[in-house]
Amino acid sequence: MTETDALYDVRERTENPAHASVDDVITLVLDRARKPRENHHNAHFDEAMAAVVDRYGAEAVRTVIHRVLVDHYPFRTATVNLDIRNFDGVRIGTTAVWTLRELNAQGDD
């Protein structure tokens, strides 16, 4: 499956209350950007998002995450009209997908 074929198990797409909402994903991504985890195997996502949020602002990151997870935008084009480099759109999208998977896995416990 390519990134453009991906459909994500986010509540706004599936209408399944067991799936994390896009707001849950956005909140966790932004929280971790404000306070990156130390000595965690995924701390690089937090550090990347801290740099992205610092560069573009939380609202732009929020928009990209929503576009990727809910509106089915490819990572690179989720940055359209936001003055965000395509590469950073990929970083945001990748982090959002990992965060969504993490949140959904917690619900499976």
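Predicted model: local features only at pLDDT ≥ 70, side-chain atom pairs only at ≥ 80, totals over all residues.
Arg91 is partly exposed, with a relative accessible area of 25%; on the scale used here, buried means under 20%, exposed over 50%, and partly exposed in between, with a 1.4 Å probe and protein chains only. Residues are numbered from 1 along each chain as its sequence is written, and side-chain values use heavy atoms, with hydrogens and water left out.

I stay with Arg91 for a moment. Its side chain meets that of Asp88 in a salt bridge of 3.0 Å, N to O. By salt bridge I mean a side-chain nitrogen of Lys or Arg within 4 Å of a carboxyl oxygen of Asp or Glu. Because Arg91 and Asp88 are 3 residues apart in helix H5, about one helical turn separates them. Helices here are DSSP runs of H or I with at least four residues, numbered from the N terminus. In general, an α-helix has 3.6 residues a turn, so residues three or four places apart point the same way.

Which residues are joined with Arg91 into one network? Salt bridges that share partners connect Arg55, Arg85, Asp88 and Arg91. Asp88 also meets Arg55, at 3.7 Å, N to O. Asp88 lies in helix H5 and Arg55 in helix H3, so this pair ties together parts that are 33 residues apart in sequence. Is Asp88 buried or exposed? Asp88 counts as buried, at 1% relative accessibility, whereas Arg55 is exposed, at 53%.

The whole structure holds 7 salt bridges. Another of them joins the side chains of Asp31 and Arg34, at 2.5 Å, N to O. These two residues are 3 apart in helix H2, so about one helical turn lies between them. Asp31 is partly exposed, with a relative accessible area of 35%, and Arg34 is exposed, with 60%.

That brings me to helix H2 itself. It covers residues 22-34, 13 residues in total, and reaches 18 Å from its first C-alpha to its last. This is close to the 18 Å expected at 1.5 Å a residue, where the expected span is 1.5 Å times one less than the number of residues. Within H2, the buried residues are Val22, Val25, Ile26, Leu28, Val29, Leu30, Arg32 and Ala33.

For contacts, the criterion is heavy atoms within 4.5 Å. Leaving out residues up to four places away in sequence, Val25 touches Ile65, Leu69, Ala96, Thr99, Leu100 and Leu103. Ile65 is placed in helix H4 and is buried, with a relative accessible area of 1%. With the same exclusion of neighbours within four places, Ile65 is in contact with Val22, Val25, Ile26, Val29, Val70, Ile92 and Ala96. Ile65 and Glu12 are 53 residues apart in sequence and 12 Å apart in space, C-alpha to C-alpha.

Back in helix H5, which spans residues 86-108, we find Thr95. Thr95 is buried, with a relative accessible area of 4%. Beyond residues up to four places away in sequence, Thr95 touches Val29, Phe45 and Met49.

How many aromatic pairs does a search of the whole structure find? The search finds 1. The pair is formed by Phe45 and Trp98 and is tilted, with 5.8 Å centre to centre and 35 degrees between the planes. Rings of Phe, Tyr and Trp (its six-membered ring) pair if their centres lie within 6.5 Å; planes under 30 degrees apart count as stacked, over 60 as edge-to-face and the rest as tilted. Phe45 sits in helix H3 (residues 43-56) and Trp98 in helix H5, 53 residues apart, and the pair links these distant parts of the chain. Phe45 counts as buried at 13% relative accessibility, while Trp98 counts as partly exposed at 44%.

Finally, confidence. The mean pLDDT, the predictor's confidence in each residue from 0 to 100, is 91 for the protein chain, and 92% of its residues reach 70 or more.
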